[in-house]
Every structure is written in C-alpha cells, then in structure tokens.
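Visitor: Please show me the model, and then take my questions one at a time.

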Amino acid sequence: MEPLVIDAKGMHYTPLNKMIREAVASGVKEIVLNNVLGQRFIGNGLRGDAKITINGVPGGDLGMFMSGPECEIFGDAEHAPGNTMDSGALFIHGSAGDAVAHSMRGGKVFVKGNIGYRGGIHMKEYEDKRPILAVGGTSHAFLGEYMAGGLILIFGIGQESAVQDRGIGSGIHGGEIVIRGDVNEKLLGVGAKKVAFNEDDLKRLTPVIKEFCERFGIDPSSFLDTNYSRIIPASSRPFAGKYTWE
Amino acid sequence: MCGIIGVIDRTMSRMDGSSIKRALSLMDERGSGEGAGYVAYGIYPDYADCYAIHVFFDNLLEPKTMVDSILQKWGRIIHQEEIPTYDQPDLKKEHIPWRYFFRPYTDLIVGTTNPADDTVKHLVMTVNSSIEGALIFSSGINLGVFKAAGWPEDVANFYRIEDYKGYIWLAHNRYPTNTSGWWGGAHPFNLLDWAVVHNGEITSYGTNRRYVESNGYKCTMFTDTEVVAYLFDLLGRRHGLPPETVVTALAPPFWDEIDDMPEKKEEFLRTLRLTYGPALMNGPFAIVVATKDGIVGFTDRIKLRPLVVGENGSRLYISSEEAAIRTMDPEVQTIYMPRAGEPVIGRVMV
C-alpha cells in the first residue's frame, strides 16, 4: 500500500489529527506528514501499528496516550512528546522541549539532540511495561523528577559532562537514570543516590544502546563499556517524613 | 498557561505586525480568548519626541475631560485622536482606545534626575488610581501597546496591527487563572519605556507589591504582571541597574549555589539578594521585557514555564514555542533553550 502523504502547511491540528485517525482506522499503515509546524497532539490516543513520518516541528504533546504506532520526526519537538504514552515509539532526530516523556508508561522515546527541563517526569512501570527515554545529547535540570519506573539513558554526545544541571532524580522512587560518565554528587536531587554501573547493567542495557545508535547512525562500539553512572531511588518513599511524622 | 513571543531587530530595521500576529495565533491554545496584546517600539516616528499615552476610556465625556485637564496641567498635548479600530465579530468593544502625544513640562517636579519620566509616571499612577472610566495602559516614547479581551488574531485585526512598523515587538496570549480577563488585564503591561509580557504566576506578588507601593507605584490592574513593569522601572531606571543585574535581583541563584561561588561573586550576589529581597519573584514564570534599547527574556529559577530562543542575523526571537518563532521567521538559523534564571539579552546596535 502506498503511504498516505499529507501536506500540513497552515493546517489546524484538529482536521490534521482527524485525517490521521481516519486513515489508520481504514487500514493505512504508513503516513507521511510534510510541512508540520506547531500542530499539537499528533498521534494522540492513536492505536495500532502504523508508522508516521513527521517532517517539520510538531507541537506539544506529540504521541500523547499513543498505544502502538511509531513516529519518526525529522525536526525538533516541543513540550511533552510521549506524554502518558502507552506503547510504540517516538524517534526525534532533533531536540525536544520540557517534560519529555511526561508520565510515560510504556514504549520508547529516543531524542538525538538535547531535552529541556524535567525530562521523564513521573515515568512509571508495571510488570513488563517499562518505558525508555534515551537522549543523545544532554538534559536540563530535574531529569527524572518524581520518577516511579522505567529507564532514562543520557549519552551526552558532544558534551563535556553528560548532564550539568541540578536536581537529577529529585523525588525518584522507582526506575533508574543512567548517565554517560561520572555525575557530580551535588547534582543529585532529594531522594536520589548514585551507584556503580556494572557489567550486568551493561549486558541489560546493551540492546537499548545498540538500538539507539543504529537508529541515529552512531557507532555503538564506543558506548559499550561501563563508563556510566546509575542513579536510583535512595528509598521507595523519599518524602515519607515530609508531611507526616511516624 | 499563556503564550509569549518577542523579537528585536538589532539594526533597528522595522517589521510590520503581520508576522507576529501569525506567530501568536499559532499559540491560540495557550490562551482562552480573554486577553491578547501587542507592543511595538519605533511606531510613531512623526512624534518621536513625545510620550505616546494610550488610554482606555469608558466614554468620552467625564473621564476624558478629566484626563485632558490633568495632562494640560502637567504639559502640552501635541496631538490626540481615537486609536483606529476595526470591528471584529468575536470581539466586544468594551472601551474606547485613545492616544495622546504628550510633552510634559520639566519644571514642575523636583528631586529627580529625569523630571519628564517622573512626571509621566506620576500622571499614569494618578489617572489609573483616581479617574473612573480611564486607564492609561501605554505611556512610553515612540512605542505603543495594543491590547483587548479577545483571541490573538481578533485583537490584531481589531487594531490592524500590520499597519504599525516597529524594530521591537512583544506579543502575549492570555489564559487568566487567578483574576478575571479584562482589557486592562491583558498583556503587555507598560510603564514609560518598559513593556512586559509574562507567562505564569508571581506567587510573591504580595511582597513585591508592598515593595513597589512603598516606592511610589500603585497597582491598579488586578493582576500580578503589573508589578514586574514597576520592578523594572524601579531597579532599572531609578536605581540604574543594568538589565542583567535586574534579572539577577528578581531571579537570583539559590543560596547553595552562591555559597560555592568565588569570593567576590559570592559577596556581590549575597549583597544583591539582601538588598533586593522584597523584589525577588517566586512562582512559575517566563517573562520578556522590552525597552527602546533592547529586550531581555528569563524564567523562574526552576524553569516552570517554557522559553525558547531563536536567532537569525540581526534578529533575536524569544518565545514559549519554537514553532511560533519558525512561523515568524522560517529561515531562523539557531534555536536553543536558555537555562533557568539566565537572562537572554538582545540589544540594539548603535
């Protein structure tokens, strides 16, 4: 089947998203969106196994509640791509704004460039659902804030140190944040602790590292070692004593 | 949630308002149709030495007679007219926008190095706090605010914003959360040369308001952003702090960061924080402030509101969304996200 090509130039997001939804419902497996600029909620709540190519800069909440489809974005993304995403994937070839993978519950968000503040805020996991946020560049402050599950992986390509902003894992009570190289203890948020990244961790994450590198045409060999820091919850209830006294 | 965008052409080449209208309208989702506005610098070259006083009148009888007489007491009205407006189906004309081109007498006020500015500031405070049915919402030289309660495109079309040409533009789309939407509560807020657009809430408003009111300002617009314009006027104009320092005073580093700084810097920041404690702004915000010399954008220290910067040659853009910048300038060269609390400054090159 030929891919459905939509010229989104100047189009409001409502008709655009209706077109996408109707196409997927009618069995279209591949959609190409050209001249995308600022249209919000693309792929919002979309189910199935469609593949959507987005050329341009989509608006906020890309792939929100999405369950299954795969979106590849040739451009930057705005705030909260992958918001509460259930499964599927976002492959962003540029950078993204604040709150990337906000409350994400499954699937993958790969960002080749940088992400803004609060990446992976309140990501969660349940049984075999384990969301992954992987970032080629760096992240601003409060990475993995209130994180409850899943994996955040920061490569820091082209950076002196992979993450330089404060509040990493502030309020984290589940999941793990893996950052290339060492992380200054001062940058850890309340409730986060740094532990060694060992051979078992590397074995576990090798498929993710390889997939990320393959997707963006990066040689994975220089990333397949244990030169990472692993940041995990210091306890499962970091604020247990904050509002109540036991 | 609100949407903001600002642009400066550092060579002072003037742009008409059509592209910022498109950019702001792209962010309609960030507002609720209860307030939008624009400010442009360099729009009144024919009256380049006059204060352009924009007023919302409820009617042209009592309030206007009173404003006419107070202006004539404090200076000369060089020209005055109704600001041209064009009916829009979805915008109710609740007030009559009027403009005066005004030259204040400079010998009626003492104890100031800038009697003209201080006279106009006094007039704005007096009119807005004591004349019912009149509100001065713009009072700078060779600049003008155009705002109303409505959607970005409706407000722009109401004033035909594309008929104005400025080298700095700021625009704002409002989503009022703490107080109701009305014409005076729309952004930009202006006093003299300062114009402010703001996304967020100033939770320290009470403290900040007491501070500016103890320095002769009166808050009359029922919303927090007004206080930012007065803080910039107080620290930037009257105390003479450079814009970087004003931003540092309003959104300073945390104490633990200050503790780790080299001694001289630590001492400076400690002194600044102690001196300007009541000016410190708390809460989530992204703000762009303009003067005739440039624009500065900054966010709160933990970045609870978005801010993106774009550059293309002599043009610097600051906005809530990257797509808005690309709508204004599809050829934009660099896009980046500034750090929390870090001022982004675009100055005119003279």
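Predicted model: local features only at pLDDT ≥ 70, side-chain atom pairs only at ≥ 80, totals over all residues.

Guide: Residues are numbered from 1 along each chain as its sequence is written, while chains are lettered from A and ligands numbered from 1 in the order in which they are written.

Visitor: How many helices and strands does chain A have?
Guide: Helices (H or I, at least four residues) and strands (E, at least two) are DSSP runs, numbered from the N terminus. From that end, the elements of chain A run β-α-β-β-β-β-β-β-β-β-β-α-β-α. The count for chain A is 3 helices and 11 strands.

Visitor: What is the radius of gyration of chain A?
Guide: The radius is taken over C-alpha atoms, and the globule rule is 2.2 Å times the number of residues to the power 0.38. For 246 residues the rule puts a compact globule near 18 Å, and chain A agrees with a value of 18 Å.

Visitor: How many residues of chain A are in contact with chain B?
Guide: Two residues are in contact if their C-beta atoms, placed from the backbone, lie within 7 Å. On the chain B side 14 residues take part, and on the chain A side the number is 14.

Visitor: What is the bridge partner of B:F56 in β7(B)?
Guide: Strand β4 (residues 51-57) of chain B pairs with β7(B) in the antiparallel sense over 4 bridges. In β7(B), the partner of B:F56 is B:L135.

Visitor: Why are α5(B) and α6(B) called oblique to each other?
Guide: Axes are lines fitted to C-alpha atoms, for helices over the stretch in contact, and angles run from 0 to 180 degrees between N-to-C directions. Angles under 35 degrees count as roughly parallel, over 145 as roughly antiparallel, 65 to 115 as roughly perpendicular and the rest as oblique. Helix α5 (residues 205-213) and helix α6 (residues 226-238) of chain B pack at about 45°. The pair α5(B) and α6(B) is therefore oblique.

Terms used:
Pairing = 2+ DSSP bridges.
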